[in-house]
Amino acid sequence: MKKFTLLALLLSFTLSTAQAKQKQTTQSEAKQEIIKTGYNFGPLPAVAFDADKGFQLGALLNIYDFGDGSTYPNTRQQWYLEASFFTKGSQLYVISYDNRFLIPGVRWSSSLTITNEKAMDFYGYNGYMSYYDHEMVAAGKDKGNKDMYIYTPKYRINRLALLFKSDFVGNIWNKKFFWEAGYHLSYFKQGAINREKINKNKEEHKMFPDSEKTLYEQYREWGLISDKEANGGLNSTLRLGLLFDTRDKEGAPSRGIWAEAHVTLAPKWLGTTNPYYRYSATFRHYVPIVKNDILTFAYRLNYEGCFGNSTPYYITPYMTTMGAQYDRDGMGGYRTVRGIMRNRVQGLDMATYTAELRWRFVNFTLWKQNIAFGLNLFSDGAYVTRGFDMTFKGEEKYRAEYEEYMAKGQKHDLPHITAGAGLRFIMNQNFIVAFEYGLPVGKLRQQDGKGAFYINTGYLF
């Protein structure tokens with residue numbers, strides 16, 4: 001794994017100067033950094049690992065346009081292309097574009113994301129109210145236990161997701177306060193796992209049996225997932241928001257505030273299969289402790305909620321974003337709450353936090369590139385503040401099974417807390433490779449998994 005990563009970085013270094021020009025500037029304390037100009041290419045084999053998805057094999061390409069260098073370390077425009085396959089059955093395709101100059105005074109961002117997952121995590125609603133049988137999962141993974149089949153598929157579903165967006169951001173005041181508006185179109189096709197594919201190449205005694213229902217299938221029988229939204233649907237939405245941004249730079253900020261508030265409108269007349277209305281608010285703050293990017297304390301507070309008492313269950317795992325980023329799903333997982341299982345926290349209203357201490361312990365130039373390495377310590381958390389209605393609505397013959405399941409869970413959700421650390425490689429303030437490990441803490445930590453290791457790109461925020 002390490003060999004693949006090092007080879008990838010060396011390849012990126014070599015090719016990134018293909019069409020770039022450089023000039024030098026002297027900063028405070030006589031530290032020199034190359035001001036990038038022109039186009040900068042960052043191809044990289046997508047060889048990585050995510051505990052929720054498995055090993056990743058594929059390729060990605062970052063293309064940065066710094067123009068005459070006056071905007072560095074921010075870009076004038078940039079492209080991101082990725083095609084990846086994961087050993088746990090997922091596929092990911094991304095095309096995104098971000099432009100600051102095509103429309104005078106307006107930043108335009110657009111992206112198309114396709115994910116095809118044969119075994120996506122589904123742990124039920126309302127966090128700890130939905131019981132996760134970690135003992136059965138552990139027994140199923142024990143290769144020496146020939147009496148217990150693999151149990152992980154109990155908490156899996158099949159999902160195809162297509163997401164397209166086009167967002168516009170314009171200045172209101174002093175290039176710090178902005179309006180946001182965008183159109184987002186998405187399509188979800190979800191359902192029970194394909195048992196034949198799940199059991200492929202497994203020993204007979206380890207195959208997930210037809211007699212064992214998945215949690216998704218049980219939720220259907222209990223009426224917790226309605227017929228009208230069980231298989232997904234089309235979402236045609238408008239998003240409106242306000243943005244306050246005083247960051248010193250975007251890729252790896254060390255000071256400033258980045259705060260947003262959004263509403264998402266998905267009415268029936270716009271083409272949405274299951275109408276809904278949601279809101280979100282995110283506050284991010286970067287506090288320099290030691291100047292020149294050496295030591296920074298950063299934190300993020302996020303709240304995702306809905307107007308009314310219902311939202312399609314396939315919408316709630318997403319953390320709302322606008323602009324250059326696309327929506328991140330899986331409350332739990334690398335992009336949201338590191339260290340707990342993906343999609344572990346799912347409710348109508350949810351609060352999350354991230355607190356992170358970032359130490360950039362070395363900076364240097366190599367092959368006309370600005371290189372840095374950093375360490376970070378973090379704690380993430382999530383909590384369902386308003387849950388789905390989990391009242392039994394199924395046929396009476398399923399009630400006993402439902403009551404047994406509900407008796408194992410908590411009466412309401414409690415905070416899901418993790419702690420962890422990571423290492424980052426940073427090139428030209430924008431291209432960032434991250435290695436991180438997060439671990440659940442607290443008395444209910446086994447309900448959130450055994451921790452997770454990630455190799456990915458960028459900072460969370």
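**Cores, buried residues and salt bridges**

Asp389 counts as partly exposed, because its relative accessibility is 48%. On this scale, buried means under 20% relative accessible area, exposed means over 50%, and partly exposed lies in between, with a 1.4 Å probe and protein chains only.

Before I continue, a word on the origin of the values. The model is predicted: local features need pLDDT of at least 70, side-chain atom pairs count only at pLDDT 80 or more, and totals for chains, interfaces and linings use all residues. Residues are numbered from 1 along each chain as its sequence is written, and side-chain values use heavy atoms, with hydrogens and water left out.

Asp389 has a charged partner, Lys393: the two form a salt bridge whose closest N and O atoms are 3.6 Å apart. A salt bridge here is a side-chain nitrogen of Lys or Arg within 4 Å of a carboxyl oxygen of Asp or Glu. Lys393 is also partly exposed, because its relative accessibility is 45%. How many salt bridges does a search of the whole structure find? The search finds 30.

Let me show two further pairs. Glu396 and Arg399 form a salt bridge with the closest N and O atoms 2.7 Å apart. Glu396 is exposed at 55% relative accessible area, whereas Arg399 is partly exposed at 28%. Arg255 is bridged to Asp248, and there the closest N and O atoms are 3.7 Å apart. Both ends of that pair are partly exposed, Arg255 at 37% and Asp248 at 28%. Elsewhere, a network of salt bridges links Arg338, Glu356, Arg358, Asp380, Arg424 and Glu436.

I turn now to the interior. A nonpolar core is a set of buried Ala, Val, Leu, Ile, Met, Phe, Trp, Tyr and Cys residues joined through side-chain atoms within 4.5 Å. The largest such core has 44 residues, and those touching the most other members are Phe122, Tyr125, Tyr219, Trp222, Ile225 and Tyr313. Two or more residues of this core come from each of strand 7 (106-121), strand 8 (156-173), helix 4 (215-221) and helix 5 (399-408). Helices (H or I, at least four residues) and strands (E, at least two) are DSSP runs, numbered from the N terminus. Another core, of 15 residues, lies apart from the largest one and includes Leu60, Tyr80, Tyr326 and Ile371.

Beyond its neighbours within four places in sequence, Tyr313 is in contact (heavy atoms within 4.5 Å) with residues including Phe122, Tyr125, Ile225 and Phe388.

In general, an α-helix has 3.6 residues a turn, so residues three or four places apart point the same way.

Next, consider Lys206, in the loop between helix 3 (195-198) and helix 4. Is this residue buried or exposed? Lys206 is buried yet has no salt bridge, and the nearest side chain of opposite charge, that of Asp142, is 6.2 Å away. In that count, Lys and Arg are positive and Asp and Glu negative, while His and the chain ends are left out. A polar atom of the Lys206 side chain does lie 3.0 Å from the backbone oxygen of Gly140, and one lies 2.8 Å from the backbone oxygen of Asp142.

Thr311, in the loop between strand 13 (295-306) and strand 14 (349-366), counts as buried because its relative accessibility is 3%. Among the residues that Thr311 touches, beyond those up to four places away in sequence, are Glu229, Tyr276, Arg278 and Phe388.

I close with the backbone. A cis peptide bond, with omega about 10°, joins Tyr72 and Pro73; Pro73 sits in the loop between strand 4 (54-65) and strand 5 (77-86). Lys175 has a positive phi, near 55°, although it is not glycine, and this residue is exposed at 68% relative accessibility. Asn201 likewise has a positive phi, near 70°, and is exposed at 76%.

Conventions. Polar contact = N/O pair within 3.5 Å; in protein donor to acceptor, adjacent residues only side chain to side chain.
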